Amino acid sequence: MQRRHFLAGAGAAAGSALLTTTVGESPARAESPVSRPVPAPRQPTSFGRVGADFVKVGGNYGNQNYSPLRQINRRTVSRLGGAWHTNLEGGDTSQAQQSTVVAENGVLYVQTSQQNVFAVDGRTGAVKWKTNVGSETTNMRGVALDESLVFTISGENNVYALNKKTGAVVWKTLLLTEDAGSGDNDGCDPTNGQCGGSVGSLAGAVVYWDGLIYVGMQGSTVGARGRAYALKADTGELAWTFWSAPGSGEYGNDTWAGESWKTGGAVPWIHPAIDPDLGVVYWTFGNPYPRTNGETREGDNLFANCLVALDAKTGTRKWHFQSVHHDIWDYDNVMAPVLADVRIDRRMRKVVVYGSKVGMYYILDRTNGKPILPMEERAVPQDSRQKTSATQPYPTGESYLPQAPRLDNATKPVPFYPVGGVFDTFWDRATIIFPGAGGGADWGHVSFNPNTGWVYVGYGLINSAYSNTVGGRVNTARPLGEYFGGGIAAVDPRDNTVVWSIEKEWSLAHGNGILTTAGRVMFQGGPDGVLHAMDDETAEVLWSFQCGAGVHTSPIAYEVDGEQYLAVFAGGNSLPYPDIPRGDHLWAFKIGGRVKQAAAPTPPSKRNQVRTTAVTAAAAGNKVTLGRVWDTTTGAPGATENTVAQNAMSPQNLSVPKGTTITFVNPADNEYAHGAAVFFEYEFDTGVLMPGDTFQHTFDTPGEYFYNDPIFPQNTAKIVVT
């Protein structure tokens, strides 16, 4: 065990008291934690221009999410206001939005989930052009620009090049097709099964560099075999494909048992980084398939859970680093890698920062993939049924969040589940583990700030309940009734130590990107729709603005005629809170802006809600039936016992008038004992009810009561007393 310092409270100011907490298994402690900012050396100019323009998701090729603009600074940020506001889709709230804006020559470019690409005047918010690229949605997270074109993807798996001035389609290339005989150009031949169980879909932000565009895809949850693409920017012709679950005879194929590679997953669903000086693209690849059942894919499963360095022109693998061997936790660690030049032990080092869901960073030499600091292959818990790896890599340094559930924050586990920390095992019994499948950190873009030399990351404090997928079990369910939380951390990449980690009220891991600036202010939005400006040394909140929908994209900074603007696209998300407010709000801000904040939407619930339609106590006969799924067709409990479903309480959502007596029943024809006990707020506990037993309770206190079955704890329900 190890002691770790966390700043207490949201936006704790400089000098705030340190809350010392005990956390679980952590990386090895570095010798000397950093206690003050130490500016990083000047970053390579080859990473690309960021200043008046912000032409790439991530800012530059190193994904540093940093702007050198400084008009908006600690002194002036309090006068920041709305410059303009545009509802890109006419106020439509049906879709979540994950696309980060890019800016060039005073024009903003962004794509909506409705599959429309927009060019918007950065000074006024007026739409210059709009182009539709289809009707099927996908997780598109940002367009790319070259001198004359805008590049994007569509849910129909087309890659588009649009005229930058008019939005007209210049070329279109179809990828991920199943018909190899119809001109499929990604090297996928379904006649021998090499495409996988599903072809997947295109995803992530597009990246342009030196005549090529780089495009990723998703689908590891359905057995798609991962591949990364490079296309020629002028024609759309495929330049190369890198298959991340290697085929027969390829390097890494022997890390997959039998033909499990054919449905191996390992998809690159977030955009890469590029080092133009080295001619290398750095791409992260996701989890193997099946996600939580490793029995059919014995081996390390390369290149799942890997950072892979590829020759940017040919796609040839130069080196790789696997952060999780034989993943069974959905710890894919997919993120947009961050490149930086830092001085370590008086020596300039070219590093790549990698790692997200496990809550610890792997700081690697980007020239060769070797760890900058010692890396330990540490023995971890084993389960022969899961074919678990004997060891997992632990970097020197510190984790920036706890490595196991705690009782004093949102990771407090729902009762009656087995509970574990990072790399603990499970099989058929649902087991709560933190970090969970959504992190830790996830895909919210992090920032490297050369003024402090720190990496800033948002994270979530959300458990997952893991089990294999046999018999209808849910593989990475978030336990119903659990609390959601999160925070933000600063990590010094020189020694991989945590400068500070501050818990906040919302999870900040799913698209809640961070922008740092030369004005010494950093920006990040949350699921409640509030965009915050914070001091980059202390995270003290200096300014806040309500955007009208959850902010799950990265803010950017740009300049028009010498005046600095900040822009963000606020449209909500479906994770980790299903009820995050959605919208289509494109905002720009400037010093002295007079456009007022949006009306505050209903914030998401801070608990994982039961979302089935409420049934009145009268309609249910003032009765809850244990171990049965409610049949909405008949309005009665199902006829057969269920011990694995989350909704095996009938009804799962019961509305009860104050003073009502409810009878809990374990039907006589059930095979197993069951029970029902309220957790976190005590109200009732039936004890163990054998088949045929009943228990009664009268509800006299209004409130919302979550309860589960102590024997089959994933069976969870709630009663709302009014």
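Analyst: Let's start at Asn-105, which is found in the loop between strand 5 and strand 6; helices (H or I, at least four residues) and strands (E, at least two) are DSSP runs, numbered from the N terminus. Before going further, please note that this is a predicted model, in which local features need pLDDT of at least 70 and side-chain atom pairs count only at pLDDT 80 or more, while totals for chains, interfaces and linings use all residues. Residues are numbered from 1 along each chain as its sequence is written, and side-chain values use heavy atoms, with hydrogens and water left out.

Asn-105 has a positive phi of about 50°, although it is not a glycine. Its relative accessible area is 64%, so Asn-105 counts as exposed. The cut-offs here are under 20% relative accessible area for buried, over 50% for exposed, and partly exposed in between, with a 1.4 Å probe and protein chains only.

Now for the strands around this loop. Four strands form an open, antiparallel sheet in the order 5-6-7-8, where two strands pair if DSSP finds at least two bridges between them. Strand 5 and strand 8 (127–132) are the edge strands, each pairing on one side only. From one strand to the next, the twist averages 20°; axes are lines fitted to C-alpha atoms, for helices over the stretch in contact, and angles run from 0 to 180 degrees between N-to-C directions. Inside the sheet, strand 6 (residues 107–111) and strand 7 (residues 116–121) pair in the antiparallel sense over five bridges. Tyr-109 has Ala-119 of strand 7 as its bridge partner.

Strand 5 also has a link to another part of the chain. Glu-104 forms a salt bridge with Lys-164, with the closest N and O atoms 2.5 Å apart. Glu-104 lies in strand 5 (residues 102–104) and Lys-164 in the loop between strand 11 (158–163) and strand 12 (169–174), so the pair ties together parts that are 60 residues apart in sequence. Both Lys-164 and Glu-104 are buried. The term salt bridge means a side-chain nitrogen of Lys or Arg within 4 Å of a carboxyl oxygen of Asp or Glu. By this rule the count comes to 30 salt bridges.

Another of these pairs is Arg-366 with Asp-275, at 2.7 Å from N to O. This pair also links distant parts of the chain, with Arg-366 in the loop between strand 23 (362–365) and strand 24 (375–379) and Asp-275 in strand 17 (residues 273–275), 91 residues apart. Arg-366 counts as buried because its relative accessibility is 1%, and Asp-275 counts as buried at 0%.

Phe-680 is found in the loop between strand 48 (677–678) and strand 49 (694–699). Phi of Phe-680 is near 75°, a positive value in a residue other than glycine. With a relative accessible area of 23%, Phe-680 is partly exposed, whereas Asn-105 is exposed.
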